[in-house]
Amino acid sequence: MKTKQIRRIAEFIEPLRVPPGSRVDLAKDFDPGYKADFLTKKDGKKVLRNGIAALADVQARLAAQDTYGVLLCLQGLDAGGKDGTIRHVMSGVNPQGVHVRSFKVPSAEELGHDFLWRYNRHLPSRGEIGIFNRSHYEEVLVVRVHPENLDRQRLPRPSRGAGVWERRYREINDWEHYLADNGIIPVKMFLNLSKEEQRTRFLKRIDRPEKNWKFSSADARERQYWDDYQRAISQMLSATSTPWAPWYVIPADHKWFARICAAAVLGHTLIGLDPQFPQVSDEEKQELRTVKKELEAEAPKGAPADPYAAAHKS
Ligand code: AMP
Ligand code: MG
């Protein structure tokens with residue numbers, strides 16, 4: 001990719017990044033309806049298509065190099081567009097190199113462990129892109145907004161007190177630092193939806209029978225905690241955007257624009273890792289030449305010595 005394109009992507013995503021150490025007030029600092037004024041929805045289609053192709057290319061190199069893994073953490077309120085973002089942004093990549101894990105209400109087994117245990121079990125390996133559809137950040141969001149979730153985790157008494165959220169932020173930061181140091185790179189996106197757009201999308205899920213399965217009255221109940229969530233999200237973004245794993249707030253009211261942003265943020269990280277296809281040594285090249293000669297000698301009567309080379313002469 002050309003230096004100019006790389007710089008353009010970096011500039012494009014800069015306003016979405018939460019500067020480490022800053023104090024975020026989500027409602028004031030990030031507009032869910034934002035879209036770049038130089039881009040129309042129609043041009044956006046082409047931009048996304050190009051972005052998806054570029055992601056496919058860099059993912060192939062990530063897999064071949066087998067040194068880095070990427071952990072994409074997708075957070076967002078109900079109807080924020082997490083599923084659609086995954087479907088569109090990852091549509092071009094080799095499915096063998098991507099694993100998606102959706103995190104729901106924890107099982108009895110999961111509740112029997114420390115809070116990061118279930119996330120640890122689904123980390124990507126080197127060469128892979130792992131996607132967390134909801135992530136360990138639920139542990140400071142839904143668990144904070146509804147403290148009965150914390151009771152179910154059966155923490156020892158000294159660990160339950162007032163400092164629990166600050167401690168979780170630190171533990172999450174430390175865990176992500178450890179991962180990044182070891183070549184598993186976290187990429188964190190929060191899909192930022194407005195309350196009115198959520199209302200519209202909920203109604204769509206009710207009005208369209210094929211979307212009914214996606215909606216439950218629990219979603220409507222959760223909406224009543226909107227302000228609590230906005231506060232918890234603001235604090236989470238302030239406390240856990242770090243130099244090794246910064247947050248990006250994706251404006252989510254316009255799906256087409258959100259997808260471009262998500263592709264750009266992921267692309268930016270992957271390009272920064274600059275994965276390369278492994279180089280073949282001189283010795284290995286010599287070996288390839290020897291085997292080539294042997295295979296050519298096996299050519300049946302009338303067949304070209306190297307059918308591939310013959311077909312691709314020009
Ligand atoms: P969905 O993503 O619509 O399938 O819903 C998954 C549900 O699981 C959401 O309501 C989340 O709030 C909930 N959930 C995810 N992680 C946790 C957690 N650690 N504790 C409690 N609830 C969770
Ligand atoms: Mg849901």
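I began with the aromatic cluster, and I find that Phe-12, Tyr-34, Phe-38, Trp-256 and Phe-257 form one such cluster. The model is predicted, so I note that local features need pLDDT of at least 70 and side-chain atom pairs count only at pLDDT 80 or more, while totals for chains, interfaces and linings use all residues. Residues are numbered from 1 along each chain as its sequence is written, and side-chain values use heavy atoms, with hydrogens and water left out.

Next I looked up the pairs, of which the structure holds nine; rings of Phe, Tyr and Trp (its six-membered ring) pair if their centres lie within 6.5 Å, and planes under 30 degrees apart count as stacked, over 60 as edge-to-face and the rest as tilted. Phe-12 and Phe-38 are edge-to-face, because their ring centres are 6.4 Å apart and their planes stand at 70°. Phe-12 belongs to helix 1 (residues 3-13) and Phe-38 to the loop between helix 2 (26-29) and helix 3 (41-65), 26 residues apart; helices here are DSSP runs of H or I with at least four residues, and strands are runs of E with at least two, numbered from the N terminus.

I then checked accessibility, where buried means under 20% relative accessible area, exposed over 50% and partly exposed in between (1.4 Å probe, protein chains only). Phe-12 is buried at 17%, whereas Phe-38 is exposed at 58%.

My last entry is the pair of Phe-103 and Phe-132, which is edge-to-face because the centres lie 4.8 Å apart and the planes are at 80°. Both Phe-103 and Phe-132 are buried.

Note on methods:
Chains lettered and ligands numbered in written order.
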